[in-house]
Amino acid sequence: MTSLLDQYEQASQRYKGTVGTSLRPEMSTTGFIHMKLEEEAPIFSKQKVNFSPTERMTHLAVSSDLLVLTMANSMLLRIDLKQPDKREEIDLSKFTTHLKILELFLDPLGQHLIISLTPKHPDNPPEILYLPRKSNKPKQPGKFKGYEVTAVGWNYRNDYETTTGPILLGTSKGLIFETEILPEGDRIFQSGLEQYWKQVFDIGKGANTPITGIEFHRVPGSEKYFVLVTTPDRVYQFIGYVSNSDEKPLLQQVFNNYLTVAEIPSSLKYSKLQFLYHSPKGLPRIFAWLTEPGIFYAQLDPTGTASVLTNNQLLQYPSSSMAPLSFVLTEFHALLLYSDHVRGISMLNHELVFEDYYNERTFSTLMKKYEIIQEVDEKKITKTEITRWHGIPKSTLFMILKMREEIVNVVQKEGHNIKAKNLKGATHANLKAMEGIVVSWRAVRPVVITNYFRHSRFVPPVNEGTAVYPCDEETWQRLALDCTYQEYIAADDDITVWGTLDNADIIREQQEFSDEEGKESMEEEPEDIPTMKNVLKGVDVYSRVLKRQGASEDLWFQFYNSFGKLVSITKDPIKGTIWAFAERAVFRYKVTHEERNVWQVYVEKGEFELAKKYCRDNPAHIDQVLVKQADMYFNNKQYEQSALHYAETQSSFEEIALKFLQVWEIEALKTFLIKKLEGFKPQDKTQVTMIVVWVIELFLNQLGVLRDKGEVNTSQYSILQKQLDSFLTHKEVKECVMTNRSTIYDLMASHGDKHNLIRLTIMNKDFERVIRHHINKNNYLEALDVLKGQNKKELFYQFTPALVQAIPKQTIQALIAQGRTLSPNKLLPALVTCDDDQAGEVIRYLEFCIHSLGCQQQAIHNYLLSLYAKLKPDKLMQYLTMQGQDSTMVCYDIHYALRLCRERGLSEACVQLSALLGLWEVAVDLALTVNVDLAKQTANMPQNDTELRKKLWLKIASVREGYHQKQVYLRTQAAAQLPRCRPRQD
């Protein structure tokens, strides 16, 4: 369970950040829904340390988890924060008889403490005390007697517990000393604590110019040193080199040259110097100086020769705000401490982002609440009107009423009445009136009882050891409270009640107010319940009692403020923890993700890359940064850059496209669309298709405009064409075009962009469409080129008929070039369609198939034979001779060939074909019509049939002129043949 004090501390801190504010009101749609599952912790949260000082605290210093504080009774407490229960108390009263503590200076290691003492009377000289960590006996360095030390510059490179190393001390008169202090047991030949001691500079030049801050550093890897010194109205810097680090004083050479960085008029008698470190042992990154007009701060650049301070700025305090008492730096903020509150200012945009008030509510606040309750009781106006009249949220009214009801319930349960009739006498009567309420703490939430005590204004004495509790000690301990009694009283009323509400309470409250129009929905309180007026009367009576009893000033101050005034705020230079302390309490500030809103600040400053860096990979924040960056480029007419950034956002696609169309920035629109395309996923097919078609349309339109102007050969046209070609090579674009080929081709055709249509189809290997397009445009050579350049053989069979008729020679040559990859049988239908003009090229291809490829398909041979018979009879006889006289070995159809030759009147061919068919007599008869020699050759062809040959020869002889001649001829031939035809005699 969260303690009541924690609830109070959280509620009393007002965070003024910009969480949840939209940086993009001009964008109506976004891909992100802003939703928080739980309330984000504040950047700065205060936690009260479980420590109650016996006296008013005056000074506090923290370093390396060692906390040192002093109180008004000259008591010094040293607390190891790792073991907070073990506290060391050191009495300084013997040193403060005539002196008082001016300041505590604790080194970064927490090993060396210097206590500056200033005289209570001018006749007494100031001094300093030195207290090492391992000792509880302060020592007085004698050489500093008479010097009022107001600033100490510790040696951040010192790692020894036995020595401070060379350090610088500034005084109230502007003197700067260098010294080294050693504990008593480590000194050699020195009578004092100082190993050495020497004045190195005088800023005051005789005037009383107090030094308010001093710090020095060595630049790593070099002999360069720089020293920064502040007074109430000036900043000095010293830059120099130390050639011998063993020579003392170490920094004397550095002080030979100095530069006044800034002079700011100020009426303050004080100023504060702070630094921000990246790492404890590294160089500081930010320098800051508290002055009356504001905080002067700058970045530290150790490489600077003339000055190490760059980018100087002045952070002005919030309006109507005086200079703070002290401050500390965080990564992006400055915490300013005033006497009653702490404010957080952004170092980036100088805006107030945090306020933490320490004072409790005054009587006027209670009276205001009482008036509101009375108005509710009277029911003359609605609660909604009450909230409007008083300018308070509805939730505040609900909290006020919730608080009253619970107090009344407790009072009724215990039988008490807030009308304290016996409060006239002594404080004891008041205490007895509260005792019953304390006992009832077990039965109700602690906040209820706390608020009752708040309204009764009961405040115990400050000293717990002598405190008069409202019940016996045993009862008090039995209650097992989760915080001290004073903390319960310090709890704020309405805010802590709100912190105890559960979700049901909040929902009910909202529902009640939403249903309130015209009627009241909250329950009436019983008429006999005491009102807030009785509570205030009890407060007034108790205050008069305290005054009459002669209460001390501390008790009266605590009556209105439990913790006293705030004194100072400091930061542990090593651990980075932040501590603030009031006169009677110590607080620790926790910093939680202070960079959470830095991205918004950088966005407003136009530093977008830094804004992205601090978005912490939050896509919603990065989206807003990109939108702002894109808007800036758009407003500056840097449309290309704007398009690139818009494409990375979740802004409405339609709105962004319309923005570029309104200014007719087509190039920027294309850039936006192409970049947007890269962010789509494979499943976003609809969006991809839309953008691809749109981009192609934009390119085609631009190219068409240039073509119409006759600027095809210009560089602008060439650049656009290259951009389109590049776009079409993208993987997602290629897939989209393949899926929507018809749409894209129709789009290109509508623009008359033949060039890109062909290129695209080739790119998509859609050769059929390209070839058909060329053929339709009578561009047969281009079609043939495309056909030859692709590997789909089916397209040769598909488009050869058209091409061979238009460009037979080139087509046949392309077919021949394909060689065996093409099937002549599949090409035959295309070849058959050729007329006599193309037949010569067809014969060339068929001869190639037969002679070179060894094609034996009968259809090919038949077609070639038919062409020979029709166009080249001389080649027909060569072909028939080549095929031979064996009918089983020829590749053509003999009957088809014979019929064809008869039709063409090719008698010689018919003779040979008839002979192949065994029609010898027909062959000889036909041969005789040609010439006798052919008939003779034919008659001699049957080698194994003598009778047939005789018969054939007789046919030949019968046609000779004259019978005699015929007989003589036959006898002669018969005689010549008889020896060969004579039968064998075995």
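Two strands count as paired here if DSSP finds at least two bridges between them. With that in hand, enjoy these close-ups, all taken from a predicted model.

**View 1. The open sheet β2-β28-β27-β26.** Four strands make up this open sheet, and they follow the order β2-β28-β27-β26 with antiparallel pairing. At its edges you will find β2 (44–48) and β26 (566–571), each of which pairs on one side only. From one strand to the next, the twist averages 25°.

**View 2. Strands β27 and β28.** Here we step inside that sheet, to β27 (residues 578–582) and β28 (residues 586–591), which pair in the antiparallel sense over 4 bridges. A handy landmark is Ile578, which stands opposite Tyr589 in β28.

**View 3. The open sheet β14-β15-β16-β17.** Another open sheet of 4 strands comes into view, with antiparallel pairing and the order β14-β15-β16-β17. Because β14 (213–218) and β17 (258–263) stand at the edges with a single partner strand each, one side of each is left without a neighbour in the sheet. The twist in this sheet averages 15° from one strand to the next.

**View 4. Strands β15 and β16.** This pair joins β15 (residues 224–230) to β16 (residues 234–241) in the antiparallel sense, over 7 bridges. To get your bearings, look for Tyr225, which stands opposite Gly240 in β16. As a reminder for both pair views, strands of a sheet pair through backbone hydrogen bonds, either parallel or antiparallel.

Key
Residues numbered from 1 in each chain as written. Predicted model: local features only at pLDDT ≥ 70, side-chain atom pairs only at ≥ 80, totals over all residues. Heavy atoms only, no water. Helix = DSSP H or I, 4+ residues; strand = E, 2+ residues; numbered from the N terminus. Axes fitted to C-alpha atoms, helices over the stretch in contact; angles between N-to-C directions.
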